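Colleague: Could you walk me through how to read a model like this one? I'd like the general idea each time, then the case in hand.

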Amino acid sequence: MTENVLSWMTFFPMAGMIVVLLLPRDRYNWIRWASALATLPPLILAVWLYANFDRANPGLQFVEKYPWIPAYNIQYFVGIDGISISMVLLTALLSFLCIFASWGIDKGVKGYFALFLLLDTGMMGVFVALDFFLFYIFWEVMLLPMYFLIGIWGGPRREYAAIKFFLYTLFGSVLMLIAILALYFTSEPYTFDMTELIAQSSKYGTSALAFWPFDRLGWGFQHVVWMALFIGFAIKIPAFPFHTWLPDAHVEAPTAISVILAGVLLKMGTYGILRINYPMLPEATADLAYYFLGALGTWNIIYGAFCAMAQKDLKKLVAYSSVSHMGYVMLGMATFTTQGINGAVLQMFNHGTITGMLFLLVGVIYDRAHHRDIEGFGGLAAIMPVYTGVTAVAFFASMGLPGLSGFISEVLVLLGAWQKYAVLCILGASGVVLTAGYLLWTIQRVYLGPINEKYKSLPEINGRELFTLVPLGIIVIILGVYPHAVLDLLRSSLDQLNEIVIPHLS
Amino acid sequence: MDLGNLESLKFFYPEAILSGTILLIILLDLVLRSKKGLALLAIAGSLLSLWATFDLYGTTPGYLFHRMIILDNFSLFFKVVSLLAALLVVWMSLGCREIREIQQGEYYTILLTSALGMFFMASSSNLLMAYLSLELVSITSYILTGFLPHNRRSTEAALKYLIYGGVASGTMIYGMSWVFGMTGTLDYAGISTALFQGQPNRLSLFMAFVFILAGFGYKIVFVPFHMWSPDVYQGAPTPVTAFLSVGSNAAGTAILMRFFFPAVSRLADGGDWLFISGVEWPHFLLIVSMVTMTLGNLCALNQQNLKRLLAYSGIAHAGYILMGLVVLNNDGLKAVLFYVVVYLIMNLGAFLVVVMVANETGKEEIGAYRGLAWRGAAIPAVCMAIFLFSLTGLPPLAGFIGKFFLFAAVIKEGFYLLAVVAIINTVISLYYYAGIVKTMFLDFPEPTDQPVAMTANNSLLLGVLSALTVLFGLYWGPLVQYTNQSLRFFIK
C-alpha cells in the first residue's frame, strides 16, 4: 500500500462511492458510516505521509508514473513535494470531518454521499497530479459533484448559485485547457508531463520586443499563456474581480460543502499558480506576478474585509473573510522571498482549518435557529458557553491573534512583503485591523449583549459537532505555537521554486 | 486497383447484404404479422453488413465500378458509422411508442435505404455519384420525416425539408456544373489534375465551391443552410431525428471531406493540405464555423422543446466539427473522425432519453423532465446528465476527448481566434445543457407529473451508450487508433 500511497488516497473515496451506490436507499446510517470509512484510510495514509515525508528533499516524492495513452504522451503521473503536501493533508482531514458535518442531511442521502466521495477523489487528484492532462481531468471532475451538491442540497437560491459557480469555473478551466494545449505544442517532444515542461521552461524567448502572441515561444506567447492560466486559477482563488460567485455559492451550499469549498477548492487557485505558472513560465511570472499579483492580493485583503464588514448574514461574512484572507496568500506569493512564499503556503493551510471551523460553527447555529442574521441573535455566550468558547478560538485565529496559527502565516507574509513592497505591506497590515473590526463587532452582536428571549432554550453544541471542530481547533493552536510542524514540510521545495523565478526579476 | 462492374462485386458485399436485407424486409412485411421480427431482421442485416465492412479492412484500396466509387479506409470508416447509426436507431425504434403506431415495414426499409445512401456518399469519387447518393439520402430523409400520419407538424416538417433540400441540391449541382465546365471531367482525380495543372479562374472556382458547399452544408447543417433543421427535428419521429442528427451529419462530413481534401487540395509534408492558391474556401469555412457554433448555441438558450434544443445544439456541433476541417491539417481531420464517432454515441443517447420520457408522458417539452430523477427514473436522468455533460465537453466523458482533439488541432495550427470563440461557445452551451440537468435534478416533481418507467430493451441500450460515453472518456486509445487509421484517402 505504501508504494502507491497517493493513488490509494485518491481512489479510495471513489471505491467508497461505488459501495455507497450499491447500498439500499433508505439505510441512512449504513450510507453515512460507509462514507466515513471511505474517507478514513486517506486520513490515516495522510498521517503516514506526514511522518515519512523527506523534509530535506525539494523534489518530488512518492512518485507513480504509468503510461496511459502513449500515443499522445499522456501519463498517469502523481507525486507530491513541499508545494502540495500540506494541501494533501488538509484535503484528507477536511473530507473526513465533513462526512460527520453532513450527518444531518436527510434528503437524497445516498446521492449526497456518493457525490461527496467523488468530489473527494477529484480534490485529492488535483493536488497530486503531475501530468497536465490528468490534472485537468481531476480539476473538471470536481466541478460536477460540486454543481449538484450546491444545486440539490443548497439553500433557497441554490439553482442560481450552482449554475453561477459552474459557469465561472468552466470559463476559467476552458481557458486553462487552451493554455495547456499551447504549452503542449511548444514542448519537444510533445508532452503533458509537468516536470518535463518545467525543465524546458528556459526555451521561451526573452526579448521584450515582440509582443505578438502568435509567435510561438516568443515573449508575447508566454505572457498570454501565463494570463490564460492565471485567469483560470484566479477564478478559483477567487481574486477580484472574479470573486462574485463565491458569496453566492457559500451562502447557498450546505455547511459541509461550504467547508470543502473554502477549505480546499479555493486553495486550488493559488496552488495552481505555484505549481504551474511559477516554474513553467518563470519569466512571465517575474514580469506579471511582481507588483501585479501583490497589488491584487492587497486589494483582495482590503476589499474583502470591507465587504465582510457590511454583511448582515453570518455565512456571507465568513465568505468575504475568505476573499480577504486569500489576499494574503497572493501577496505572500508575489514577494519571491523565503518568508513571503512560505507564509503564503502556510496561510493556505491555516485558512483551510480556520475557515473550516468558521463555516462549521455557522452551520451549528443555523441548524438550531434556522437563520443566520447577525442582528437576530444576542447573548449566545450565556446560552451556549462551550459553543462560544470554540467560536472564540476560531474568530481570534482568523483575526491573527498571536499564539494562534493565523498570526504566524500573516506575519510571515507581511515580513516578506516589507522587503519588496513597503506600501503594499502597510496596506496589507491594515487589513488585519479591518478583520479585527468586523470579527469583534460580530462577536459583540452575536455572542455578547442581552440574551435574545427567542433563543433562550437553544441546545448546546453536541458531541458530533464538537468532534468535527476540535481536531481543527487543536491544529490551529499547535501551529500557532509551533509552526515548524508544517513549515518544515514546505521550505526546501518553496526555496527551490523561488530560485527559479528570482533570476528573471529585473 | 481500378475494377469494372463484375470484378467490383467482390468488394461490394456490405452494400449487397444491406440491399438484400431491405428487399427481404419488404417481402416479409407482406407475410409477417408481428412487425417486431422486421426490426430484428433489420438489426441482423446491419450487423452482418457491419461484419462484412470490417472484413474488407486490409484489402488494397482502389476504384470500383469504373471509378464511380472508392474503396479505402476512409469510406469503410463512414460505412461503419452509418451502419452503427442505423443499427442503434432501429434498436431505439423498437422501444419507441411513436414508431409502434406506424407502418413499420416501410419505416425500416426506408431507414436502411438511407443508410445505404450514406455508404455511397462516403465512397463516391465522381461528382455525379456524389449527387445521386446525396439525393438518395435526402429523399429517404424527407419520407422518414413525414412518417407520422395525421400529424401536422410531421407533415409540415417534411415539406419544409423537401423545399430546402431541393434548393440546396439544385445549387450544389449548379456548382458542380461549373467545376465540370472548368475541368472537363466529373472524376475527382481528373478534377484534381486539371485544377492543379491548369490555370482555373479563381473567382469562378470559388463561387463553384460555395455553391457545392450549399449542398454539403445542408446535410451537415451549418449556417446559413441550417434553417430547416429545428422544424424538421421537432416534427420528425424522435428516432428519425436521432438518425438525421448523427447519420446525415456524418455522411455530409464524409462527402465534404472527400471532395475538399483529396480532390481539390494537395497533401504536403507534415500532414498539411495545400489548397489551390487564391481560392479561399478555407477562410470561408472558418467564418462559417465560428458563425455556426455561435448561432447554434445562442438559439438553443431559449428553447423549450427538447428536440428543438438538440437541433440547435446539433448546429453548434456542426460548427465544432468544421473547426477540424478549416485547419487544413491531418490532425484536424483525424479529430473530426473521432468527433463523429463520439457525437454519434452521445447524441443518440440523449435522444434515447427523449424517447423514454415521451413514451410515458407524450411530451417533449423541458417541463416534462421536471424532477425526473425523483420520479422513479433516476437512472435515465443520470444517463441524460452524462450525455449532456459529454455534449458540453466535460471530462471524464467522451465529448471532452473529442473536443480536446479539435482544440488541439486548432491550437497547433495557431488559429487562436477560433479557439477563443469555441471556448466562449462551450461556456454558453453549458448554460442550456445544465438547464436541462437542473430541471431533472434540482427541480422537484409536481403531483401531476407521471412516473417514468423503463423497459428492459431501452435500459439495455441506454446502458450501452452511457457506458461507451464514459469509457471513451477514460480510455480512448484504441478508438483514436482506429479513427487515425481511417484517415487514408485513395486517389490517383
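**Reading the model, feature by feature**

Modeller: Let's begin with a proline: Pro238(A) sits in the loop that runs between helix H9 (219-236) and helix H10 (245-252) of chain A. Keep in mind throughout that this is a predicted model.

Colleague: What kind of peptide bond joins Ile237(A) and Pro238(A)?

Modeller: A cis one, with omega at about -5 degrees. Chain B has a cis peptide bond between Val223(B) and Pro224(B), where omega is about 5 degrees. Pro224(B) belongs to the loop between helix H10 (202-220) and helix H11 (228-235) of chain B.

Colleague: And backbone phi? Which value does Val221(B) take?

Modeller: Phi of Val221(B) is near 70 degrees, which is positive in a residue other than glycine. Val221(B) is also in the loop between H10 and H11 of chain B. His66(B) has a positive phi too, near 55 degrees, and again the residue is not glycine. You'll find His66(B) in the loop between strand E1 (62-64) and strand E2 (69-71) of chain B.

Colleague: Is Val221(B) buried or exposed?

Modeller: Count neighbours. Val221(B) has 30 C-beta neighbours inside 10 Å, so it counts as buried. His66(B) has 13 other C-beta atoms within 10 Å, so that residue is partly exposed.

Colleague: How do I check a helix, say H7 of chain A? What should its 29 residues span?

Modeller: Helix H7 (residues 158-186) of chain A should span 42 Å at 1.5 Å a residue, and its end C-alpha atoms are 42 Å apart, so the two agree. As for cover, 23 of the 29 residues of H7(A) are buried. H4(B) is mostly covered, with 21 of its 22 residues buried.

Colleague: How do I describe two helices that pack together?

Modeller: Two packed helices are described by the angle between their axes and the distance between the axes. Take H15(B) and helix H16 (residues 378-392) of chain B: their axes come within 9 Å and cross at roughly 145 degrees. The crossing of H15(B) past H16(B) is left-handed. Residues making the contact include Met346(B), Gly349(B), Ala350(B) and Val353(B) from H15(B), and Cys383(B), Phe387(B) and Leu391(B) from H16(B). By type, the contact residues divide into ten nonpolar, two polar and no charged.

Colleague: What about nonpolar cores?

Modeller: In soluble globular proteins, nonpolar side chains tend to be buried together. Here the largest nonpolar core has 389 residues, and those that touch the most other members are Val88(A), Leu149(A), Ile178(A), Leu111(B), Leu344(B) and Phe407(B). Helix H15 (residues 330-361) of chain B gives the most to this core, with 23 residues.

Colleague: Which residues does Leu149(A) touch?

Modeller: Leaving out residues up to four places away in sequence, Leu149(A) touches Leu115(A), Phe116(A), Leu119(A), Ala253(A) and Ile257(A).

Colleague: Last one: how many residues does each chain bring to the contact between chains?

Modeller: Chain B brings 22 residues and chain A brings 26 residues. On the chain B side, helix H17 (398-412), helix H18 (416-442) and helix H20 (477-486) each give two or more residues. H18(B) gives the most to that side, with eleven residues. The residues of chain B that touch chain A divide into 17 nonpolar, three polar and two charged.

Technical notes: Residues numbered from 1 in each chain as written. Chains lettered and ligands numbered in written order. Predicted model: local features only at pLDDT ≥ 70, side-chain atom pairs only at ≥ 80, totals over all residues. Contact = placed C-beta atoms within 7 Å. Helix = DSSP H or I, 4+ residues; strand = E, 2+ residues; numbered from the N terminus. Nonpolar A, V, L, I, M, F, W, Y, C, P; charged D, E, K, R; others polar. Core = buried A, V, L, I, M, F, W, Y, C linked by C-beta atoms within 7 Å. Buried ≥ 20, exposed ≤ 12 C-beta atoms within 10 Å, placed from the backbone. Expected span 1.5 Å × (residues − 1). Axes fitted to C-alpha atoms, helices over the stretch in contact; angles between N-to-C directions. Left-handed = near helix turned anticlockwise from the far one by under 90°.
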